[in-house]
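Dear colleague,

Please find below the structure I am handing over to you. My notes on one helix pair and one group of strands follow it.

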Amino acid sequence: MIKISEQLRKYFVTISILSIAFITITSNLSINYFFSDYIRDSRSRDDLKVVQYVERVFSDYKELNSHSLMNIMHYAFSEDVVIQIRDKNNNISWNSSTFGIMYGMVDEYSSDEGKFSFRSYPLTYNNSQIGTIDVGRPKSIISNIEDEKFLITINSIFAIASILTLIIAFRSSNSISKKFLNPIYVIKENAKLIEQGKYKNLKEVETNTVELYELSISVKELAERLNSQESLRKRMTTDIAHELRTPLAAIRSHIEAFLDGVWEPNDEKLSVIHGEIIRLTKLINELSELSIVEDDEINLKLSNVDISSTLNNIIESYEPMFLDKNINIDKNIQNDVNFMGDIDYLKRIFVNIISNAIKYTNENGSVSVSLEQIKDKIKIIVKDTGIGIPKEDLKYIFERFYRSDLSRNRHTGGTGIGLTITKALVEAHGGTIKIDSEVGKGTNVIVEFNR
């Protein structure tokens, strides 16, 4: 394993070296190859000047004597070229480098004609060709010592730049890595705090990097969620204990009274025990269903369900409860809306939603149920004028065993499992469920299915 700071430093230095090497090689290739055509054209023009000079000297002296050849030789050395003059039989009659050696005029280039490439041009006098001129130039574009020194200087500059770049890369990698790593280290510490269960001790992450900022927010939200889950677990223990203790206490007191002869068993007393047993059974069934939901073991028995008829029947079954609390029920159910689903689970979804609407709506309130199909979407909306849900509780409303403070009373009852199961069943059918609510104004539950 290697630290991020060391990795960044290695990457910075490696990229710098590769960049410098690429620039150096590209520059040298450019000098040697990319301008070769330009150099050849330039040399062709210069060759013509050499030919013209030789012809002019020959015209001035009328012959190639020691004076005229000395002029041509000096010109050849000044132009860094080798001039060969051939007769009509193509035999070399004069060579500037050989002539120069005779007079002690020799340089690095003319001493080795193997480094030269020659081009031949006709030598004319009075509009007639009297021979041939060979103009030899260095095969390499770096044609003289000055050019070589220039290339060495350029590469020396690259070498110095390489050293400076490596120093800058090494130092900048430290500062840049700190800029990115410091927030990461804080996020790492926050993760350890979460691991230790210290959800409220997280440190603020200071960064202007979008990804790191979003990561820090995600970690913070995770901590808040885990903190709320911890609170829910603690509340769950209390709630489940209460839910179990109350019916068990009632059953125990009745049985003890029977055993002590305080009460005689009769239909009324036995009915109370029976009711508490049903209450216990319901709680156990809900816990069992919750385990199935959490283990993703929902097996749908699909059939063509008439949702319109199903909703109407469920609302009719709850009419006594509506009447008991004097709640006005408003139905706006589109006819003949069908859906491929599990009818038992769909009934459970609608029962949970409608029963909650009745449960949390005060007397003389109202509940409306609507169903409509728009193209391939089926939307069910249940609105009530109940006590509502606090805004801060909405994001936890589908958590298991969660009940907002306003609803945690024994008049309404409930274990906080119903909406968790409802959401799982809706999603098992490929649908979505959304809840909008405002304290004191009521709650809207929106369920959508895709046909």
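How many bridges join strand β10 to β11? Seven bridges connect β10 (residues 432–438) with β11, and the two strands run antiparallel. Here strands are DSSP runs of E with at least two residues, helices are runs of H or I with at least four, and both are numbered from the N terminus; two strands pair if DSSP finds at least two bridges between them.

This is a predicted model, in which local features need pLDDT of at least 70 and side-chain atom pairs count only at pLDDT 80 or more, while totals for chains, interfaces and linings use all residues. Residues are numbered from 1 along each chain as its sequence is written, and side-chain values use heavy atoms, with hydrogens and water left out.

In the hairpin of β10 and β11, three residues lie between the strands, and glycine 440 takes a positive phi near 85°. Glutamate 438 has glycine 442 in β11 as its bridge partner. Strand β11 (residues 442–450) also pairs with β9 (residues 377–384), in the antiparallel sense and over eight bridges. Within that pairing, isoleucine 381 is bridged to isoleucine 446 of β11.

Turning to the helices, α10 (residues 343–359) and α11 (residues 418–428) pack at an angle of about 140°, their axes 9 Å apart. Axes are lines fitted to C-alpha atoms, for helices over the stretch in contact, and angles run from 0 to 180 degrees between N-to-C directions. The two helices are therefore oblique to each other (angles under 35 degrees count as roughly parallel, over 145 as roughly antiparallel, 65 to 115 as roughly perpendicular and the rest as oblique).

Kind regards
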